[in-house]
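Subject: Structure handover

Hello,

Here is the structure I said I would pass on. Please open it first, then read the notes below.

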Amino acid sequence: MTEQNTDMKSNGRPRLNNKLPQVFATPNGKAFIPFITAGDPTPEATVSFILKMFDAGADLVEIGIPFSDPTAEGVVIQEASLRALKGGMTTDKAFEIVEKVREKTDKPLVFMTYINPVFHYGYDAFFARCEKLGIDGIVVPDVPFEEREEVLGPANAHNVSLISMISPTSESRIRSIAKEAEGYIYVVSSMGVTGMRGQITTDIGAMVRSIRAVTDVPCAVGFGISNPEQAAKMAAASDGAIVGSAVVNIIAKYGSGAGDKVADFVRSMKAAIAALPAGS
């Protein structure tokens, strides 16, 4: 296990030795983070797609470990999860995908999954393997903030950041969650499930101001972003944009041959975000 840095963060936790700090170390401080479902349509295609996304400018890739009851997901990612599971995708096979990716790149990777697969794998075994393969963080949408310690301890013991999600809610709750955040904060743009939206009406600026009042942990906006204009708007109000359903939708349409289409999409999203001035 990699030795943890003994420096302490403002919330009293040790600083972790992972690559998440470099995600937002871009010329303008803004990051583009795409999401992909492991095993959709095949493990080999997933490896190829991830590498193509990095080549196209992705600063971090979130890899979804599919689960049979993805309560936070919209139809597009639900269907991708079902396709992957029907194809035999498992947690071990998701780790094997990361092994293949790590043969080509050491760029930041984060898992996004539900607590059931992690619990059944065994917390220590799961996060020990994450550390060995250089998984830098994990997003677990169905773990409430009040119950995060069960996951946080073993994750941090293996230098994996538990990424907090903050939804449109009261200012006091936003600040409570933000105070304990590490790695980066996943700002949920809209109530409900993931999916492409024609318009995002949440006051993201107000949410980000509440977050920045209590922490300097970067925050990126996800849920509903589907085009470069939306990505730039959300990144301008925060530190980056997270896009899942729009990427997964391309893969659903083109299957194993989606690589170039995915790369073109990522390139357009990254270009829109990279064009923003620093400090915007």
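The protein has 12 helices and eight strands; helices (H or I, at least four residues) and strands (E, at least two) are DSSP runs, numbered from the N terminus. This is a predicted model, in which local features need pLDDT of at least 70 and side-chain atom pairs count only at pLDDT 80 or more, while totals for chains, interfaces and linings use all residues. Residues are numbered from 1 along each chain as its sequence is written, and side-chain values use heavy atoms, with hydrogens and water left out.

Of the 280 residues in the protein, 57% are buried, meaning under 20% relative accessible area with a 1.4 Å probe, protein chains only.

The cores

A nonpolar core is a set of buried Ala, Val, Leu, Ile, Met, Phe, Trp, Tyr and Cys residues joined through side-chain atoms within 4.5 Å. The largest one has 74 residues, and Ile-50, Phe-111 and Phe-127 have the most contacts inside it. Apart from this core lies another, of 22 residues, including Phe-24 and Met-112.

Val-98 is part of helix α4 (residues 91-102). Is Val-98 buried or exposed? Its relative accessibility is 0%, so Val-98 counts as buried. Leaving aside neighbours within four places in sequence, Val-98 is in contact (heavy atoms within 4.5 Å) with Ile-63, Leu-109, Phe-111, Leu-133 and Ile-135.

Helix packing

Two packed helices are described by the angle between their axes and the distance between the axes. The axes are lines fitted to C-alpha atoms, for helices over the stretch in contact, and angles run from 0 to 180 degrees between N-to-C directions.

Helix α11 (residues 245-254) packs against helix α12 (residues 259-274) at about 160°, with axes 9 Å apart. That makes the two helices roughly antiparallel, the word for angles over 145 degrees. Ala-246, Val-247, Ile-250, Ile-251 and Tyr-254 in α11 meet Lys-261, Val-262 and Phe-265 in α12.

Helix α3 (residues 75-86) also packs with α11: their axes come within 9 Å and cross at roughly 50°. α3 and α11 are therefore oblique to each other, the class left once angles under 35 degrees, over 145 and from 65 to 115 are taken out. On the α3 side the contact is made by Val-76, Ile-77, Ala-80 and Arg-83, and on the α11 side by Ser-245, Val-248, Asn-249 and Ala-252.

Regards

Terms used:
Buried < 20%, exposed > 50% of the residue type's maximum accessible area, 1.4 Å probe, protein only.
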